[in-house]
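Look over the sequence and the model, then read on.

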Amino acid sequence: MKKIICKREYDTDTAVLVKKSVIGAFGDPAGYEESLYQTPEGLYFLYCNGGPDSKYPAESIARMGKAKVDAWLEAHE
């Protein structure tokens, strides 16, 4: 998935996957996944996708600052 945020491109095909968190089993309508990526420029973003009853019923990308990245990584150890 690719998205432009504040004139910067965030693309799951060109970024490096840092960590992935999966909640629920495959096919679970309330299940979802969050994947933390780092761009070649060193920026971070969170790619999210889930079932229709999850908090991510559609694909999304959100940029993340270093403090949020650290908090997310700590929460998903």
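**Salt bridges and a buried serine**

Asp70 and Lys66 join their side chains in a salt bridge, 3.2 Å from N to O. A salt bridge here is a side-chain nitrogen of Lys or Arg within 4 Å of a carboxyl oxygen of Asp or Glu. This is a predicted model: local features need pLDDT of at least 70, side-chain atom pairs count only at pLDDT 80 or more, and totals for chains, interfaces and linings use all residues. Residues are numbered from 1 along each chain as its sequence is written, and side-chain values use heavy atoms, with hydrogens and water left out.

**Salt bridges**

- The structure holds 2 salt bridges.
- Asp70 and Lys66 sit 4 residues apart in helix H1 (residues 66-75), so about one helical turn separates them. Helices are DSSP runs (H or I, at least four residues) and strands are too (E, at least two), numbered from the N terminus.
- Asp70 is partly exposed, at 38% relative accessible area. The cut-offs are under 20% for buried, over 50% for exposed and in between for partly exposed (1.4 Å probe, protein chains only).
- Lys20 pairs with Glu33 in a salt bridge, with the closest N and O atoms 3.7 Å apart. Lys20 is in strand S3 (residues 16-23) and Glu33 in strand S4, so the pair ties together parts 13 residues apart in sequence.
- Lys20 is partly exposed at 44% relative accessibility, and Glu33 is partly exposed at 23%.

**Ser35**

- Ser35 belongs to strand S4 (residues 32-38).
- Ser35 is buried, with a relative accessible area of 1%.
- Beyond its neighbours within four places in sequence, Ser35 contacts Leu17, Lys19, Lys20, Phe45, Leu46 and Tyr47. Contact means heavy atoms within 4.5 Å.
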